[in-house]
Amino acid sequence: MDALTIHRFHFAFTVTFHYLFPQLTMGLAFLIVVLKTIALRTGNEHYNQASRFWGKVLAINFAMGVVTGIPMEFQFGTNWARFSKAAGGVIGQTLAMEGVFSFFLESSFLGAFLFGEKRLGPKAHYVSAVLVFLGSWLSGFFIIATNAWMQYPTGYRLGTNGEILLTSLGRLLANRWLFWQYLHNMTGSVVTASFVMTSIGAFYLLVRSHEAHGRTFLRTGVIAGVISCCLMLFPTGDQQGKNIAYLQPPTLAAMEGLFQTQAGAPLVILGQPDMEKQRLDNPLVVPNALSFLTYQRWKAEVKGLNEFSRDWWPDNIPLLYYSYHIMVGLGTILIAVMLAAVFLLWRGRLYGARPMLWVLMLALPFPYIATTAGWMTAELGRQPWLIYGVFRTLDGTSARVSPGSGLFTLIGFMGMYGLLAILFLFLVHREIEHGPEA
Amino acid sequence: MPTIWFCLVAIMIAAYVVLDGFDLGAGILYLAVAKTDDERRAVLASIGPVWDGNEVWLLAGGGTLYFAFPALYAAGFSGFYLPLMMVLWLLILRGIAIEFRNHLHSDVWEPFWDVVFCGASCLLAIFFGTALGNVVRGVPLDSSGYFFLPLWTDFSAGRDAGILDWYTVLIGIGAFLTLAEHGGLWVALKTEGAVETRARSAAARLWWAVVVVVIGITIVSFAVQPHLGASFRERPWGFIFPLLALAGLIAMKSRNALRAFLGSCFYIIGMLSSVVFGVYPYVLPCNTDPALSLTVQNAAAPPYGLAIGLIWFIPGMALAISYFTYTYRSFGGKVRA
């Protein structure tokens with residue numbers, strides 16, 4: 001394996017594993033605030049018990065997010081030194097802001113939230129929950145701001161030695177790519193947390209234990225889930241897609257498997273990109289739909305990959321295409337599941353509808369897969385650029401770190417994270433067994 | 001402007017060493033001062049609510065270094081690739097050990113995490129000291145501004161030195177002893193009974209070891225890095241930093257636990273600021289050709305970024321310090337087992 005492949009895989013592996021945890025932290029922090037708001041308004045102890053239970057899950061999940069997050073901040077320097085040297089003056093701003101504005105906030109008040117309920121009293125404890133939520137969502141903002149700048153660089157100029165100089169912090173933080181990407185991502189975190197909540201609620205009802213809490217989890221999760229799932233599609237997903245269409249047109253063509261420019265381009269449901277013959281095998285399509293979704297005209301022309309020079313093509317088009325289609329496909333299925341569940345909830349039949357409970361319980365992994373596929377779409381779609389149109393991925397690696405050293409630490413991280421995954425599942429499983437009344 | 005950021009980064013790193021230093025030190029002494037499960041829980045409770053926040057100083061310091069001195073961040077982190085990755089693994093293991101130890105009650109669960117916590121804390125202290133030693137000694141930067149160091153070569157501190165040589169290992173031992181002492185004073189301050197007594201006597205014995213090693217380190221550092229001597233000769237007001245360290249060292253012998261702990265804080269700040277002062281204007285000296293060294297000027301980000309950075313950094317850190325004051329105040333006094 002060459003150095004570039006190893007460094008890319010190194011980052012991809014560690015960041016993919018890492019993001020399994022923050023997405024639940026951010027979504028759950030929001031849902032805990034919802035539960036605590038109900039508890040504070042109604043004075044119903046049941047909701048406090050529920051939020052304590054989810055606080056325990058949050059604590060385990062948060063610890064995993066912290067320990068797998070530290071390597072992310074360091075990997076820019078260890079594995080991507082030439083990129084860091086060139087762009088550190090820009091993306092270092094947002095990364096340092098994350099540390100200063102959100103990590104201190106989160107770490108200070110998470111302890112108060114987890115251990116301080118008795119000492120603080122209900123109001124101050126509520127505030128600590130809100131601050132943990134705020135800190136985690138701010139953290140997400142600064143990370144997405146960093147990524148958005150790499151997707152659509154703005155507020156910079158190039159120096160004489162190829163270094164990238166920040167010229168406007170305001171434009172970095174008000175990047176047009178950032179707004180929708182942030183909302184899309186954060187809504188996704190609520191989707192994940194909603195499905196985790198309904199999954200455990202459904203499990204409790206199916207095994208007939210902790211049933212009162214099971215119903216609360218289902219009710220809360222289904223309502224939050226149906227709203228967030230719909231917001232994923234429209235407007236956030238729709239607008240994110242338009243950003244790609246306007247600002248990264250080769251990426252859109254690759255995501256959709258559109259090799260030739262076409263008026264009235266179809267939306268592909270299934271099919272396999274054939275890179276040799278430059279076409280899609282076994283296509284199953286909705287005619288004209290891509291043109292309509294992108295430009296609101298059925299016969300609008302959508303540019304295919306043939307319009308762009310090869311050195312602008314994403315370097316792994318089939319994987320990008322599959323990632324995108326998995327994200328959209330799963331997203332659609334998740335919306336359908338939540339719509340069915342909310343219908344049953346409205347009719348008052350959800351808690352007894354065992355087939356639906358089975359579906360909700362088993363749906364747990366799918367929002368995680370969808371968010372991972374979504375991030376793969378964003379990151380593979382940006383290739384072959386580290387900073388789109390400005391700085392190539394090839395030029396970003398640490399020149400003095402040998403492929404052998406990279407492979408060594410990659411294997412090390414795989415072993416370490418394998419262990420962490422087992423520990424996490426074991427500890428969360430124990431909390432679920434003990435239940436909210438414990 | 002780069003010098004202001006140099007000072008700010010140095011302050012953040014010093015804050016990290018002082019704050020995370022005491023919980024690392026508590027980890028080093030953990031198995032020695034706490035024998036029963038209750039005693040171990042007391043030591044963990046003394047750092048439980050704050051260790052994560054302390055570690056945030058490392059992240060925030062790293063982030064600040066990244067945007068203020070991108071060339072230093074890039075060269076340093078890629079050059080120390082292997083030890084840095086090991087530091088990350090140790091930080092992961094240690095964090096998991098602290099957070100997950102008390103989730104389960106079993107004769108195989110807690111003892112396992114106890115050893116992980118103590119072992120990772122010891123190794124991290126040595127690694128951090130070694131890293132500091134490397135920065136003082138210098139690294140073989142090439143003309144493109146990068147280097148890559150093997151873990152060890154022949155253990156000489158010369159031009160072909162690896163990350164571990166006699167000098168950097170010595171600094172590693174110095175850091176280990178200093179943080180053990182620092183942690184001992186913290187545990188003595190925060191606990192009661194047998195743990196407090198053991199921590200107090202461990203700190204008292206470690207004090208002599210710290211004094212011996214610090215004298216040795218001071219002498220050899222001036223020999224290994226001649227620039228240190230030049231700095232103090234050119235700007236004699238810098239002697240205030242070693243004097244601060246000396247005052248702290250003396251205060252550590254105080255019978256008052258709080259005063260002794262604060263003495264240790266000042267000792268650490270004094271030592272680190274002496275090093276920073278001595279190395280300035282270098283941020284990463286080159287030990288093969290001094291002209292290739294990274295300095296405050298040539299490693300800094302351009303002026304706009306540094307200027308605009310101050311505008312958010314100062315209020316941001318003011319907020320952070322207010323959370324810290326709140327956390328430490330609400331968590332004041334001795335922990336109850």
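Residues are numbered from 1 along each chain as its sequence is written, and chains are lettered from A and ligands numbered from 1 in the order in which they are written. Since the model is predicted, local features need pLDDT of at least 70 and side-chain atom pairs count only at pLDDT 80 or more, while totals for chains, interfaces and linings use all residues.

View 1. Helices here are DSSP runs of H or I with at least four residues, strands are runs of E with at least two, and both are numbered from the N terminus. α10(B) covers residues 240-251, twelve residues in total, and reaches 16 Å from its first C-alpha to its last, close to the 16 Å expected at 1.5 Å a residue. (The expected span is 1.5 Å times one less than the number of residues.) Its buried residues are B:Phe241, B:Ala245, B:Gly248 and B:Leu249. A residue is called buried if 20 or more other C-beta atoms lie within 10 Å of its own, exposed if 12 or fewer, and partly exposed in between, with C-beta atoms placed from the backbone. The cover over the buried residues includes α8 (193-224) and α11 (257-279) of chain B.

**View 2. Helices α10 and α11 of chain B pack together.** Their axes are 7 Å apart and the packing angle is about 160 degrees. Axes are lines fitted to C-alpha atoms, for helices over the stretch in contact, and angles run from 0 to 180 degrees between N-to-C directions. That angle makes α10(B) roughly antiparallel to α11(B); the label applies over 145 degrees, with under 35 counting as roughly parallel, 65 to 115 as roughly perpendicular and the rest as oblique. The crossing of this pair is left-handed, a term for a near helix turned anticlockwise from the far one by less than a right angle, with clockwise being right-handed. Moving on to the loop between α11 and β1 (282-284) of chain B, you will find B:Pro281. The peptide bond from B:Tyr280 to B:Pro281 is cis, with omega near 5 degrees.

**View 3. Helices α6 and α12 of chain A cross.** α6(A) (residues 176-207) and α12(A) (residues 365-382) have axes that come within 9 Å and cross at roughly 160 degrees. This makes α6(A) roughly antiparallel to α12(A), and the crossing is left-handed. On the α6(A) side, A:Gly188, A:Val191, A:Thr192 and A:Phe195 meet A:Pro367, A:Tyr368, A:Thr371 and A:Gly374 in α12(A). Such contacts need C-beta atoms, placed from the backbone, that lie within 7 Å.

**View 4. A:Phe113 lies in helix α3 of chain A.** This residue is buried, with 26 other C-beta atoms within 10 Å. Leaving aside neighbours within four places in sequence, A:Phe113 is in contact with A:Gly55, A:His125, A:Ser128, A:Ala129 and A:Val132. A:Arg52 is 61 residues away in sequence from A:Phe113, and their C-alpha atoms are 9.4 Å apart.

**View 5. A:His210 has a positive phi.** Most residues other than glycine have a negative phi, and most peptide bonds are trans. A:His210 is not a glycine, yet its phi is about 50 degrees. You can find A:His210 in the loop between α6 and α7 (211-247) of chain A, where it counts as buried because it has 22 C-beta neighbours inside 10 Å.

Methods:
Two residues are in contact if their C-beta atoms, placed from the backbone, lie within 7 Å.
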